Amino acid sequence: MTIQRQKPLDFLTEADAVLIGSGIRTRDYAADPAFLSQLKLDTSRQLIGAQCSGTLLLARLGLIDDLPACTDLTTKPWVVEAGVNVVDAPFVAHGNVATAGGCLASQYLAAWMIARMATPQDAEDAIHYVAPVGEKAEYVARAMAAVGPYLASGKPLAA
């Protein structure tokens, strides 16, 4: 599946939240200084999340350094090579930056962003809405258990 961006990359400076997905060409983008220079992210005011190989982009941008981070097993060697401490976990966050390892861990990024931008209850409601019938309670509990330790004071980031 190809997703076309609807705004130029310079819009990133205006965004309150940025999610970086994964893709087969991420390694190429991570090695392209011209591309990386277009990714203007501000961890002091933006929520930034990356899933799987998107973590490699955060590493190349210096947004993770040696903090623990998550990625998929295929990308792990390149993220480690970039100096990141990759942990065997589906989700981890440090301040306004979060990483998820594994495609199905993207629900944790979504729950974390919703909880930070709105409320934890809003995150629970969103996960409940998309969870499989008959497994809703388990999905909500699992997602909130994964992100709960990384939710600051419980206050929304942007109200």
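Below is a short chat about the predicted model shown above.

Visitor: Before I start, what kind of model is this, and how are residues numbered?
Guide: This is a predicted model, in which local features need pLDDT of at least 70 and side-chain atom pairs count only at pLDDT 80 or more, while totals for chains, interfaces and linings use all residues. Residues are numbered from 1 along each chain as its sequence is written, and side-chain values use heavy atoms, with hydrogens and water left out.

Visitor: Okay, how many helices and strands does the protein have?
Guide: The protein has seven helices and six strands, where helices (H or I, at least four residues) and strands (E, at least two) are DSSP runs numbered from the N terminus. Along the sequence they follow the pattern β-α-α-β-α-β-α-β-β-β-α-α-α. The radius of gyration of the protein is 15 Å, close to the 15 Å given by the globule rule for 159 residues, so the protein is as compact as a globular protein of that length; the radius is taken over C-alpha atoms, and the rule is 2.2 Å times the number of residues to the power 0.38.

Visitor: And what share of the residues is buried?
Guide: Buried residues make up 38% of the 159 residues, with buried meaning under 20% relative accessible area, exposed over 50% and partly exposed in between (1.4 Å probe, protein chains only).

Visitor: Let's look at α5, then: which of its residues are buried?
Guide: In α5 the buried residues are Y108, L109, A111, W112, M113, A115 and R116. Their cover includes the strands β1 (17-20), β2 (47-51), β5 (91-94) and β6 (97-100), along with the helices α6 (120-130) and α7 (136-147).

Visitor: How does α5 sit against α7?
Guide: The axes of α5 and α7 come within 9 Å and cross at roughly 70 degrees; axes here are lines fitted to C-alpha atoms, for helices over the stretch in contact, and angles run from 0 to 180 degrees between N-to-C directions. The two helices are therefore roughly perpendicular to each other, given that angles under 35 degrees count as roughly parallel, over 145 as roughly antiparallel, 65 to 115 as roughly perpendicular and the rest as oblique.

Visitor: Which residues meet there?
Guide: From α5, Q107, Y108, A111 and W112 meet Y139, R142, A143, M144, A146 and V147 of α7, where contact means heavy atoms within 4.5 Å.

Visitor: Where is I127, and is it buried or exposed?
Guide: I127 belongs to helix α6 and is buried, with a relative accessible area of 6%. Leaving aside residues up to four places away in sequence, I127 touches Q107, A111, Y139, V140 and A143.

Visitor: Switching to backbone angles, what is the phi of C52?
Guide: C52 has a positive phi of about 50 degrees although it is not a glycine. C52 lies in the loop between β2 and α3 (54-60), and at 2% relative accessibility C52 counts as buried. D65, also a residue other than glycine, has a positive phi near 55 degrees, and D65 lies in the loop between α3 and β3 (68-69).

Visitor: Last one, what does A82 touch?
Guide: Not counting residues up to four places away in sequence, A82 touches L56, A59 and R60. A82 is in the loop between α4 (76-81) and β4 (85-86), and at 26% relative accessibility A82 counts as partly exposed.
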